[in-house]
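Subject: Structure for your attention

Dear colleague,

Please find below the structure that I am handing over to you. My findings follow directly after it.

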Amino acid sequence: MNRKIIRSDGSVRNLRIGVVVTMTCITMILSIAGMLFLALNQHATSSEYSQMIDNDLRNRENLTKISKDLYNHEEMIFQYIISDNITWTRSTVREEAAELETELENNLDEFGKNVSGTEYEQYYRLIDLGMKEYLESVVKVMEFADSGNIQEANFYMNSCLNKYIFKINNTISDYEKLMTEDIEETRISMQHKTAQASQTTVVGIPLVVLFSIVSMLTCGKISKKLLTKDSLTCADNFECFQKICGKLVKKGHFANYTCVFCNIKDFRFYNSKFGYKTGDQVLIDLAQHIKSFLVKGEYFSRDGGDSFSLLIFSEREDQFISHMKDISLNILGRENMIEVYCGLYSIRKDDVPGDAFASCTLALSTARENTSEAFIRYEPQMFTEMDSRMDTLYLCNQGLKNGEFIVYYQPKVNIETNTLCGCEALVRWLHDGKLIPPVKFIGLLEEKGNINALDFYVFRRVCSDISEWLKKGIEPVRVSSNFSKLHLKDPHFADKIMNVINEYGIDPKYVEIELTESSAYDDFNSLAEFVKNMKEQGIFTSMDDFGTGYSSLSMLRDLDVDVIKIDKSFIDDLEKADNPNKKMIGNIVRMIHDLDREVICEGIETKEQVEFLKKINCFAAQGYLYDTPLPHDEFEKRLNDPVYHNK
Ligand code: C2E
Ligand code: CA
Ligand code: CA
C-alpha cells in the first residue's frame, strides 16, 4: 500500500481508491454495527413481547381456572348446606371441596410464581388475600350448616362468599386490564423499533435481509400466538377475541359494541344423529353464516364446542337477531333449520371485557332456559334473579324434606266411549299457602340435579295411591309418571323403579313411565336399554311431547316404547282449514298404529279437536275439555264414576 502511494503513475488514483475502500469498509462496519444494534434491540423487544404474551396466556389460563373453580366451590358449599345432615353426604361434599381448594391453591401458587418480582405481583397478593378471606368464611358457613342453622349458613354464603368471589374476580379483571395495556405498549414500541431498523438500509442490505429474516421469524411466531385461529372454522379463537376487546378498551371504542355469546340449540343432536364430521360441517357453515353478517370493525370467535362470541356495532343488534333467526343450512344434501341461543349485552362506558363476558353469560343462560325467546338482552335484574333462583332451589330442597309437594292426576279419556282410560301424575308445590306449578321449579331442579329426588318422591306417592285405591276396592287406571332424562345417566334407574313398585306390592300394569322425546338423542343407547328393561318387567313406557324434539321414523322403530304422546302444539289451531298439521298428525297416527303402538293426543280443549281425532282414528285424549289435573280426592271421584256423560 505504501509503495503504491509513493509511485508517481496512478498513485493518486490508487490513494483515492484506497481511501474509498477504507471509508466504505468503515461505513459498512459502522452501518453493520448500527444495523446489528438496531436489529438486536428490535429482537430483544420482540423476545420481550413474545415472552410477555406467553406469560400472559399462562396467567390468564390460571386465573380463568381460579375463577371457574371458585364458582364450582361455592356451588359445592351450597350443596353442603342443603345436604341432609347425614354424615356421609356432607363428608363427601367436604372431601370434594377440599380437593378443589387444593387445586385452587396450586393454581394461585403457579400464578404467584409467574408474576413474582414483577409489577403484577400485587395482584397475586390481593387474590391470595381474597382467597384466604373466602376460605375462612367457608369454614364459618360449614359450621352454621353443621349446627343446623341453615338460614344463617345460607345468608352468610350469599353475603360473604359472594362478596369475596366478586372481589377476587375484580382483581383478576384489573390484572387483565393492565396486562392488556402493557402488551399493547410493548407492541407499539416494537413496531417503532422495527420501523427504525428498516430505515437504516442503504449500506447494510445483507443485514437488512438478515434482519428481515429475524424479524419475520420472530413476528411470525408472535402473530401465530396473537392471531391464534380456531383450526376447524378458521375463525379467531377466544384468546384472540379477548385481546381484541382489550385493544378496543384501550382505544376507548369498546362501548360502541354489543357483545354476543351464542350456542347452537341441541348441537349434540347433530353429532349423534349425523356423526361428528357432519357436526363439524354445521360449525363451519354457522361460522360462515356469522361471518357473512359482519362489517368492518366487527369481530367474532369460536370458543370451542358450539360456542361463538361476537362484537357487533350496537345499532346493528336488531339486524343481527334477524340474521340469526331461521338459519337454514344444507346438511347431507338437505336444508335444515338451525336454531341458536344468544345472550346480548350492550357494552357501557368504562366496562372492561370481564364485565361484558359476565353479563353475556348470564343473558345466554337466561336464553337457554327461556322457552319462548332464544335471543335475550342482558338486564340488571338477571343478577337478582340468579340469587332468587338459588333461594328457590334451597326452598325446594327444604320443601322436599317437609313433604310440601303434592300429586295431581289428569285424566286420559277414551273419546269413543267417553270413559276414563288412564291418567298422568303431575306435581305441584304447596309452599306458603300457594300452589306453585311445575314450570317454576322443574327446570331449576333439572339443572341442579335434584330432580331425581323429586321424580321418585312423586312416583312413590303414585304407587302409594294406587295401592291405597286397591285396598279400598277401587280399580285404578294406569298412571303415568314423568321422569327427567337425567335419570338415564343412572345405571340403576330401572332397578330403582322396580324397587318402589315391589315395595308397594302393586301390579306393574298400573304404571307407565313418561320420558320426553328430546331426551332421546342425549344417550339413545341407555334410553333404548331402559325401555327394553321396563318392557321385560311389564311396565309401560311412553314418549312424551312427541313432535317437539328430533323424532324420526328410525327412532320410533328402534325404541320399543308402548305409547306415543303427541304434543299439544300439534293440536293447537286445528280448526284452521289450511293447517298443515292436520295431514301430518293423520299420517303420524297411522304410522304409530302400523308399528303397534298406542297413541294419545295432549292438550285437547275443544269438541272440534275431538271430532278431528276421531276422523284420524286416534281414540285417546288428555286435555282441559275433559279435565284439568285434579287433586287426589277429586280424581278418586272419576275412578268411581269413569264416564264423561255430556261430552
Ligand atoms: P307435560 O308432561 O307435557 O304435562 C302436561 C302439561 O300440560 C301439564 O302442565 C298439564 O296441566 C297441561 N295440560 C294438560 N291439558 C291441557 C290443555 O288442554 N290445555 C293446556 N293449555 N294445558 C294442558 P303442568 O301440570 O303445569 O306440567 C308442566 C310440565 O311439568 C309437564 O309437562 C312436565 O314436563 C313437568 N312435570 C310435571 N310433573 C312432573 C314430575 O313429577 N316430574 C318431572 N320430571 N316433570 C314433571
Ligand atoms: Ca308428561
Ligand atoms: Ca307432554
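D350 is exposed in this predicted model, with a relative accessible area of 68%; buried means under 20% relative accessible area, exposed over 50%, and partly exposed in between, computed with a 1.4 Å probe on protein chains only. The loop between β7 (340–346) and α11 (353–369) holds D350, and phi of D350 is near 75 degrees, a positive value in a residue other than glycine. Most residues other than glycine have a negative phi. A positive phi is also found at D432, near 55 degrees. D432 sits in the loop between β10 and β11 (434–436) and is exposed, with a relative accessible area of 66%. Helices (H or I, at least four residues) and strands (E, at least two) are DSSP runs, numbered from the N terminus.

Some conventions apply throughout. Residues are numbered from 1 along each chain as its sequence is written, while chains are lettered from A and ligands numbered from 1 in the order in which they are written. Because this is a predicted model, local features need pLDDT of at least 70 and side-chain atom pairs count only at pLDDT 80 or more, whereas totals for chains, interfaces and linings use all residues; side-chain values use heavy atoms, with hydrogens and water left out.

As to confidence, the protein averages a pLDDT of 83, and 83% of the residues score at least 70; pLDDT is the predictor's confidence in each residue, from 0 to 100. Over residues 1–13 the pLDDT is below 50, and this stretch has five contacts in the model beyond near neighbours in sequence. A contact means heavy atoms within 4.5 Å. Where pLDDT is low, the predicted coordinates should not be read in detail.

Overall, the protein has 21 helices and 17 strands. Buried residues make up 47% of its 647 residues. Among contacts between residues at least 6 apart in sequence, 69% join residues at least 24 apart.

Which residues coordinate the calcium ion (ligand 2)? They are E424 (OE), N482 (OD1), E514 (OE) and D544 (OD), at 2.2 to 2.3 Å. Donors are N, O and S atoms within 2.8 Å of the metal (3.2 Å for Na, K and Ca), and water is not among the atoms, so sites may look incomplete. Along the chain, the donors of this ion follow the spacing E-x57-N-x31-E-x29-D. The site links distant parts of the chain: E424 belongs to strand β10 (residues 419–431) and E514 to strand β13 (residues 511–516), 90 residues apart. E424 is buried, with a relative accessible area of 4%, and E514 is buried at 1%. The calcium ion (ligand 3) is 3.9 Å from the calcium ion (ligand 2), and D544 coordinates both.

Helix α15 (residues 493–504) packs with helix α16 (residues 524–536) at an angle of about 30 degrees, their axes 10 Å apart. Axes are lines fitted to C-alpha atoms, for helices over the stretch in contact, and angles run from 0 to 180 degrees between N-to-C directions. α15 and α16 are therefore roughly parallel to each other (angles under 35 degrees count as roughly parallel). Where they meet, F493, A494 and I497 in α15 contact F530, N533 and M534 in α16.

Finally, D174 in helix α5 (residues 150–199) is partly exposed, with a relative accessible area of 42%. The C-alpha atoms of D174 and G354 are separated by 9.3 Å, although these residues are 180 residues apart along the chain.

Yours sincerely

Notes
Angles under 35 degrees count as roughly parallel, over 145 as roughly antiparallel, 65 to 115 as roughly perpendicular and the rest as oblique.
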